[in-house]
Amino acid sequence: MAQTSSRSNRKVFYSLGLLNILVLLQNVNCYEYKVGGSGDWSVPIDPNVNSYNQWAERSRFQIGDTLSFNYPADKDSVLLVKKADFDNCNTASPIEKYIDGHSVVKFTHSGPFYFISGVHDNCVKNQKLHVVVMADRSKSNKTAASPPSPSADDVPPSPAPSGEEALSPPTGSVEINPTPAPSQESSPPTPKNGVSSIVMSFVGSTAAFVGSSILLGF
């Protein structure tokens, strides 16, 4: 009985471990960005230049990534707003409001995201950020198949010049081997960094080990 109970406990332990690894595999490619590169959410040094937007244009945000803001909770906040409110620095009707001083926003869908400071005067001084999240590339579009080359039988014969009789087609079968069109393969997406590739390899190996241990246990 004791041996059976011990084996059952090991199976439960391995199952939970495998579940955790699968969750890790789903999130391993997600990246946390710090707003502006440093994470500091404040009025830019040059209020005439939107340094946050310049930083965002150099970044490639994807679904599942997060964006962190650091600021004094008693003096500032982060507002997720619509484009019109972003342009006019309207702080009255945000979509979301973050006030904890260390706010982390997760991108759950592709498209534009607009952030402004909860302090109107700060927003006017370009403490605002426009982020564009890329579309999901995990499901690559299938390459359209090339139309088949017409066979010799499908090509109508050219008319004979006037005054001449059309030549009779040669007897017997003629085998035509059309040159196959080169396949178009999309290059695999480049990982965001080398660390992601190493982690993916390690986690995949661990998942395989745990999975085989479960199967042997059963």
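Are Y33 and W55 buried or exposed? In this predicted model, Y33 is buried and W55 is buried as well.

The model holds 10 aromatic pairs. One of them joins Y33 and W55 in an edge-to-face arrangement, with 6.4 Å between the centres and 75 degrees between the planes. This pair connects distant parts of the chain, since Y33 belongs to strand β1 and W55 to helix α2, 22 residues apart. Both residues also belong to a cluster linked by ring pairs, together with Y31, F61, F107 and F113.

The largest nonpolar core has 20 residues, and those touching the most other members are L67, F69, F115, L129 and V131.

Beyond its neighbours within four places in sequence, F115 is in contact with residues including W41, L67, F69, F86, K128, L129 and V131. Two of these contacts, F86 and K128, also meet each other: K128 lies over the face of F86, 4.4 Å from the ring centre.

Strands β1, β2 and β5 form an open sheet in that order, with mixed pairing. β1 (32–34) and β5 (102–106) are the edge strands, each pairing on one side only. On average, neighbouring strands of the sheet are turned by 25 degrees against each other, direction ignored. The pairing of β2 with β5 is antiparallel and runs over five bridges. F69 stands opposite S103 of β5.

Conventions
Residues numbered from 1 in each chain as written. Predicted model: local features only at pLDDT ≥ 70, side-chain atom pairs only at ≥ 80, totals over all residues. Heavy atoms only, no water. Core = buried A, V, L, I, M, F, W, Y, C linked by side-chain atoms within 4.5 Å. Buried < 20%, exposed > 50% of the residue type's maximum accessible area, 1.4 Å probe, protein only. Contact = heavy atoms within 4.5 Å. Pairing = 2+ DSSP bridges. Helix = DSSP H or I, 4+ residues; strand = E, 2+ residues; numbered from the N terminus. Axes fitted to C-alpha atoms, helices over the stretch in contact; angles between N-to-C directions. Phe/Tyr/Trp six-rings, centres within 6.5 Å; stacked < 30°, edge-to-face > 60°. Lys NZ or Arg CZ within 6 Å of the ring centre and 35° of its normal.
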